[in-house]
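This briefing goes through a single protein chain, topic by topic. Please keep the sequence and the coordinates open while reading.

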Amino acid sequence: NNNDNNNNDDNSDNSDNDTKKNTKTTTKSNPNVLLNNSNDTLKVQQQSKSKKSRLRQTSFLGKRSQLQNSDPQSQSQSQSQPQPLETDCNCWIGFNISGNKSLWKRFYRNINGSNATLRPSVANAMSQFSKLKPFDIVCDPFCGSTSSTLIESFLNNHQDCIYFGGDLSKSSIECANEHIFKAHAANFIQLFIWDAGDLPFSNDFLDVIITDMPWGRRSGSHSSNKKIYPRFFREVARTLKINSGRAILLSLEKGLMKSSISEIDCLEINQIYNVNISGLKVCLYEVRKIKSYRLSAAQELIQQKNLQKIK
């Protein structure tokens, strides 16, 4: 039995050796077999590498596109064409309108007046904004101690207009008259002591009302303005001319201005401009008279009495 097993092992070894010999003989006789096998493995390896590289490239490109969409600088760099300019840009240009001397050093402002006087530069801008025409009748119901709105309008080559101004304080009118005399406008500007809520003019008489309204800060108060503003705007509606009449008003009382004007049907706010004066956000209003204003019977009697006093 042992001899038989040994013979079997020898036979198996011989068969293995025979297969090895056969493979060697086949490779020697046909060398293309190994080349084909190696080419197949190389192709498989190259395909796997190409797939991996493609996956890496797609992932990299995806991350790059996300970064470009999120980063505005990369977007601007990636775009070769120049982007159009924005259309809502503002350009502010300053130019000299007063000669060699600045407006706040006006020659007529040598007299001490009230602490709440209007700057000549702001008054000059208001007079230009009013767009005065020849022979316009101009009024400043709150002229104060300087009457700078009327003087600046006169100095802006509007000597052919008719100017009226007034204030409730007698000392303010005396000081304003001295300013007018120094500005060489005494023959063109007339000042009166009056109440702005009861002006001595007939209906549809004034072309332009240009004034600095009481702010209630340095002089007066908000409670007093609540009484002054409604009475004043009733006089604005009565004395301004229809359609062509306009009021250029500077005020800090924004809510009181809108509420007082909204109560009168014939007045409407045409434009509002924001003005920064010493850190205070003030508004410049252009108010128009769009239709006639009807007076009550009591108001007509008061008007007739005032006209008789003036006569």
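Leaving aside neighbours within four places in sequence, Arg-217 is in contact with Leu-252 and Leu-280, where contact means heavy atoms within 4.5 Å. This is a predicted model, in which local features need pLDDT of at least 70 and side-chain atom pairs count only at pLDDT 80 or more, while totals for chains, interfaces and linings use all residues. Residues are numbered from 1 along each chain as its sequence is written, and side-chain values use heavy atoms, with hydrogens and water left out.

**Arg-217**
- Arg-217 sits in the loop between β4 and α7 (222–239); helices (H or I, at least four residues) and strands (E, at least two) are DSSP runs numbered from the N terminus.
- Arg-217 counts as exposed, at 56% relative accessibility. Here exposed means over 50% relative accessible area, buried under 20%, and partly exposed in between, with a 1.4 Å probe and protein chains only.

**Overall make-up**
- The protein chain has 9 helices and 7 strands.
- Of its 311 residues, 33% are buried.
- Among contacts between residues at least 6 apart in sequence, 76% join residues at least 24 apart.

**Nonpolar cores**
- A nonpolar core is a set of buried Ala, Val, Leu, Ile, Met, Phe, Trp, Tyr and Cys residues joined through side-chain atoms within 4.5 Å.
- The largest such core has 29 residues, and the members that touch the most others are Met-126, Val-138, Tyr-163, Ile-189, Leu-191 and Leu-250.
- Two or more residues of this core come from each of α4 (120–130), α5 (148–155), α6 (170–182), β3 (189–193), β4 (208–212), β5 (246–251) and β7 (280–289).
- Beyond four places in sequence, Ile-189 is in contact with Leu-150, Ile-151, Phe-154, Tyr-163 and Ile-180.
- Another core, of 28 residues, lies apart from it and includes Cys-139, Trp-194, Leu-249 and Leu-267.

**Helix α5 and its ends**
- α5 is largely enclosed by the rest of the structure because 7 of its 8 residues are buried.
- Those buried residues are Ser-148, Thr-149, Leu-150, Ile-151, Glu-152, Ser-153 and Phe-154.
- They pack against α4, β1 (137–140), β2 (162–167), α6, β3 and β4.
- Ser-147 lies in the loop between β1 and α5, and has a positive phi of about 50 degrees although it is not a glycine.
- Ser-147 is buried, with a relative accessible area of 0%.
- After α5 comes Asn-157, whose phi is positive, near 60 degrees.

**Ser-278**
- Ser-278 also has a positive phi, of about 55 degrees, without being a glycine.
- This serine lies in the loop between β6 and β7 and is exposed, with a relative accessible area of 52%.

**Thr-211**
- Thr-211 lies in strand β4 and counts as buried at 0% relative accessibility.
- Not counting residues up to four places away in sequence, Thr-211 touches Met-126, Asp-140, Pro-141, Phe-142, Phe-232, Ile-248, Leu-249 and Leu-250.

**Second largest pocket**
- This pocket holds about 280 Å³ of space. A pocket, found on a 1 Å grid over the protein atoms alone, is an open set of points where a 1.4 Å probe fits, with protein on both sides within 12 Å along at least five of seven lines; lining residues have an atom within 4 Å of a point. Points are joined across faces, edges and corners, and the volume is the space filled by probe spheres set on them.
- The lining is formed by Trp-92, Val-122, Ala-125, Met-126, Phe-129, Leu-250, Tyr-273, Val-275 and Leu-284.
- Two or more lining residues come from each of α4 and β6 (267–277), and α4 gives the largest share, 4 residues.
- By class, the lining has 9 nonpolar, no polar and no charged residues. Ala, Val, Leu, Ile, Met, Phe, Trp, Tyr, Cys and Pro count as nonpolar, Asp, Glu, Lys and Arg as charged, and the others, Gly among them, as polar.

**Cysteines**
- With a disulfide taken as a pair of cysteine sulfur atoms within 2.5 Å, the count comes to 0.
- The sulfur of Cys-139 is too far for a bond, because the closest cysteine sulfur, in Cys-143, is 8.9 Å away.
- Cys-139 counts as buried at 0% relative accessibility, and Cys-175 is buried with a relative accessible area of 10%.
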